[in-house]
Amino acid sequence: MSFAVTVVVDLDDGPVEPEWLASLRREFADVSGFLALSADGSRPGVSTHAEAADAPVLARAQYVWFLTPGARPGPESLPRLIEALNSAESLGAVGPTLTTGEPGRQTLVSAGVTTTPEGLRVNPVAPGETDAGQYDRRQDVLAVDVPGLLVPAEVVRSIGVPSPALAPAYRGIEYCRRIRAAGRRVELVPAAAVHVPAAHPYRSSARPLVSAQALRDEHRYRLALAPRTQATWTLLRLGGLALLAALGYLLANAPRRALWSLRALAALPADSRATARLRRTRSGRDASAVMYATRHALDIARRELRDEDDRPAPENERTGGGLETRGEVARFSRLEVTGRRSLLLHPLTAVLVATLLASGLMLHSLVGPGALVGGALPRVDVGPAAVLDRILTPVDRVGLGEGHAADPVLTVLGLASLLVLGDLDLLLRVLWFAAMPGSALIMYLCAGRIAPPAGIRGVLALIWACSPALLVSLLEGRFGTVLAWLCAPVACWALERAVRLRRATAAAGAGLAIAVVLAGSPFLIAPVLLGLLVLLGVLRRPGLVWTVLPTLGLLLPWLPGALRHLDVLLANPGRALDYATPVSYQLALGYPSRPESALLDRLLPDGLTPWILLVLMLPLLVAGALALTRVRNSLGLLLASTALYCAGLAGGIVQSALEAGLTPDRLVASFTGDSLVLMGLGAVGLTAGALWPADPDRASRLRSVTLRVLVPASALLVLGVFTAQGLLGGLAVGRAADPVLPAFATERATGPLGQRTLVLDTRDGQLYGTLAGAGTGTVLTDSALHHASRITGGPFDRRPAALDDADTALATAIGSLTAGDGSDARPALRSLGVGFVVVSASADESLGRDLAVSTGLTRLGDSAQGRLWQVEPDGAPISFASLHSPDGTVEAVEVRDGAFTVPAGAEGRTLVLAERTGLTSARLDGGALEPAPGSDWRTSYAVPAAGGSGTLEDRTAGHTALVIVGAAVLALAVLTALPFGRSDTRVRTAGSRAVTPGRTADGRGRARAAAPAGGTADTEDDA
């Protein structure tokens, strides 16, 4: 029986040879005509795609056979397709299998295709798969590709031809969707085969991207299927996804693919216009949804597309024998052999819910008005301009002033505060509430290198987020340790990546993360830098120097002071806060201080609470012991984890033994939580080694299940104890709505006179006096170098440093003021620039009575800060800067934004500043003033008789140069870490091994031979 078949060829896909058309007419007697299509319909004998349905040649045809230039149908392809199409009236299209390759070595290209519900192409045929009869059964499919597609002519006249606006990978899918929308079915005919020149146009939707056009092809198909009423929403959604993909590729050091995503984003309007005619007129339930592929099937297809031979083999790769367990299969092939979890049942979801709930309950008191303060946390309600000024100024305005640079952590906080428009207080609140869930999420993402299964990574994330060191730091306000805890997993992940890839970009990223960790935990500076230098010496890779340079750039302005006061390496950033030093076994279980809980003390007998808290951490020790005794383990992970754990424990013991923070005056707080950052990383690695890879024997599986239950349970119990402590027992950190000083004193302190306030308090029967001024109690006047300078003596002989002349003058003024004999302390107070005296509300009543009989003090009343007295000036107003004449008269000098004016007067006058000498320089009419001879502890300058306008400067050229150089190094590190301007692939050294899951004829994985040693170098995709 003869049929009339019209061959339709799209000339836009390539040139058509006359010999090819002649061969089709010779081989297939049913071919009765040809129809050439092109977007340019001006050529003779060529129709446009819009005119094809009305072409005269189609009016005489029974069937339309779509072919592409270069396609070679098999001898029996057309009869088989016609036979199949006539077998059922419901069929609207049939298609062949597509093959490629040389005769005798042909491989399958396509045997029916489908998509995910999101519209991403899924080709069930793996690259290189041969035809062994696995697709011989005719079956309904979602779609077939255009080459060889046979469609009844009446269907073509009704719905038109495939759209040229779509790529070959999606052209057949969209056309078959139109056929299905018309009420017809689509079927694959495996007995018919069509040879195509190349396979790559018909592969699955790849990730990572292979070209910019591939992403545009996906966009066009999804825009073509969008209902007209949802076109704008689809356009916005695709644009947002492309932007997020670009950011993800940048973070993955794949700039070329990021640029592709941005190009596809820019081309979305043009793609939307090109597919406007294909959009559906109505939306509703899609009957084809039952034939969609799952996202898991697409992931498998994408893994099959990658050149796995370029990836290094696992460290303990099997060299022979079958793969016995599901875990071994996953570790060997890197394929996920378990089913995909629902998002609600994902381990990370449970961890995030638990930590978010604990954060809300523990830290709920931090929500509300007022500045965060308390514990080791100073007030941070300062502006970004003040923070920048403190970074550029090598003067700490605490008390009478000291020549100390700002802590490196202030630079980190200042840069991070730019994300919240410079609001440090808001940044700290966000940091506090995000500390536990953020650390869990970061550890989950970074742990993929040591334990791929989601369940194990969830356990590791829970261990890290529920560590007692982090929880104690949150309760006590140790913001440096919290910062280090958040960034430590990133630093380890980035450092491993830098060593593995040997790239400057990866090394710079690792260096930036390490710099943040060391800024928050100064005790780690020496050991970490020493370890990095050893690593540089061993690997001898110049690019790895970027692991050190960001830290040096961040610490550069601070290093001169640190070298003069090495005790700063024992100081934790923030206010000095004493704590109960733990013993060694308590440190080994992860507690930075002696375990205690006010809540458990009420419920348990005396002395039992610490032991209960220690028992809760025993499963971690068991996990570490099992990791050390396992035979099947990663030696590199085991060595690194053991080294980190032992180094952290040794550091904590050293800090406890030095007892740097246990002086009666709370001068230095050597918080062992800094060392426990390393120990926590080691504990996470040992736990991962105990759980992964899975062993095949029953006893090992039972042990793994036991650990997976006990370790999370103990972590959750510890989290519950600390949450209850924060909820019921209160936090050291709180909110302070009142300023540091009374309103009147604050006005005078920030005004042109710059008057200070003397705050008196009694603790444990001792009298303490503190000079307070503008910025007192904030992060601007809190420096670790200040605390370190107050300590002297050998490592095991810690004692307070001797008082200098300035401190002696302050102590003398306090003694005269509180003597209770009615003596006049105003001269001493004037020399200190003190205009107000506050007696703290917690001070003894006798202190207030002593001040009441002092000469020259006027009681102003009570304030939130305590009882307030004003110093009555005996002559000129009390001020920070004063002009002293040879006859003994004193004049106040008003200073506004560092500028002052000196009137003309007699010779021999002196400008005196109520601060330690050497902190501030003075210039008058552009010339530097010379220090006055014979001055005391105060800064004094000789003033000429003519007077003039002058400025006070507390910045130095040397310190400013160090800040600029350090900032330049950090900026270069950031630019180096950005992946712009380099290739997305790296060269893998010869001799490394790789084992890849291939595909056999039945679609099952098979192992390829390992690459021989000394073979040619190949590349690995790094995205």
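I looked up H884 and found it opposite V890 in β23. Strands β22 (residues 881-884) and β23 (residues 890-893) run antiparallel and are joined by four bridges. Strands here are DSSP runs of E, at least two residues, and helices are runs of H or I, at least four residues, numbered from the N terminus. Two strands pair if DSSP finds at least two bridges between them. In this hairpin five residues lie between the strands, and G888 takes a positive phi near 95 degrees.

The model is predicted, so I noted that local features need pLDDT of at least 70 and side-chain atom pairs pLDDT 80 or more, while totals for chains, interfaces and linings use all residues. Residues are numbered from 1 along each chain as its sequence is written, and side-chain values use heavy atoms, without hydrogens and water.

Next I checked a sheet. It is open, with four strands in the order β24-β29-β26-β27 and antiparallel pairing. Its edge strands, β24 (899-902) and β27 (927-928), each pair on one side only.

Then I turned to rings. Phe, Tyr and Trp rings (six-membered ring for Trp) pair if their centres lie within 6.5 Å; planes under 30 degrees apart are stacked, over 60 edge-to-face, the rest tilted. I found eight aromatic pairs by this rule. F28 and W65 have centres 5.3 Å apart and planes at 90 degrees, so they are edge-to-face. Both F28 and W65 are buried (under 20% relative accessible area; exposed is over 50%, partly exposed in between, with a 1.4 Å probe and protein chains only). Y585 and W611 are stacked, 5.8 Å centre to centre, with 10 degrees between the planes.
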